[in-house]
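Please consult the sequence and the structure as you read.

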Amino acid sequence: MTRLTGRALRVTIFIGENDCWHHRPLYSEIVHRAHAAGLAGASVFRGIEGFGASSLIHTARLLSLSEDLPVAVVVVDTEERIRAFLPQLDELVDEGLVILDDCEVVRYAGRDAESGNTGREGKK
């Protein structure tokens with residue numbers, strides 16, 4: 001399991017829900033590549049409204065339902081590992097926004113793979 005504490009780098013990739021890479025959702029390709037690269041973790045967040053460089057507003061509101069809502073993929077790891085992953089993002093992201101932020105990891109804990117134990121049982 002990857003250990004991560006202290007100073008880290010967060011990369012956030014803003015793309016459209018319908019963006020694809022070889023007939024697969026782009027956000028899924030990014031997550032799978034981050035996993036294959038051994039990065040600490042990646043999460044995908046679906047937005048309810050937003051706009052980007054095209055200035056076209058995408059929204060989940062019922063009256064103007066969009067089929068291409070904004071998606072943010074967030075990956076956190078050491079600066080060295082994130083920077084080594086950037087060329088893959090350069091290959092994958094044709095349209096969108098990729099940003100880097102310094103951050104501090106306060107807690108990074110996963111489940112025990114066999115038991116599903118999160119380590120919180122018995123704590124009050």
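In what order do the elements of the protein chain run from the N terminus on? They run β-β-β-α-β-β-β-β-α-β. This is a predicted model, in which local features need pLDDT of at least 70, side-chain atom pairs count only at pLDDT 80 or more, and totals for chains, interfaces and linings use all residues. Residues are numbered from 1 along each chain as its sequence is written, and side-chain values use heavy atoms, with hydrogens and water left out.

**The chain as a whole**
- The secondary structure comprises two helices and eight strands, where helices (H or I, at least four residues) and strands (E, at least two) are DSSP runs numbered from the N terminus.
- Of the 124 residues, 31% count as buried (under 20% relative accessible area, 1.4 Å probe, protein chains only).
- Among contacts (heavy atoms within 4.5 Å) between residues at least 6 apart in sequence, 73% join residues at least 24 apart.

**The two helices**
- The axes of helix 1 (residues 26-36) and helix 2 (residues 79-92) come within 11 Å and cross at roughly 160 degrees; axes are lines fitted to C-alpha atoms over the stretch in contact, and angles run from 0 to 180 degrees between N-to-C directions.
- Helix 1 is therefore roughly antiparallel to helix 2, a term for angles over 145 degrees.
- Leu26, Glu29, Ile30, Arg33 and Ala34 in helix 1 meet Phe85, Gln88, Leu89, Glu91 and Leu92 in helix 2.
- By class, this contact of helix 1 with helix 2 has six nonpolar, one polar and three charged residues; Ala, Val, Leu, Ile, Met, Phe, Trp, Tyr, Cys and Pro count as nonpolar, Asp, Glu, Lys and Arg as charged, and the others, Gly among them, as polar.

Key:
Parallel < 35°, antiparallel > 145°, perpendicular 65-115°, else oblique. Buried < 20%, exposed > 50% of the residue type's maximum accessible area, 1.4 Å probe, protein only.
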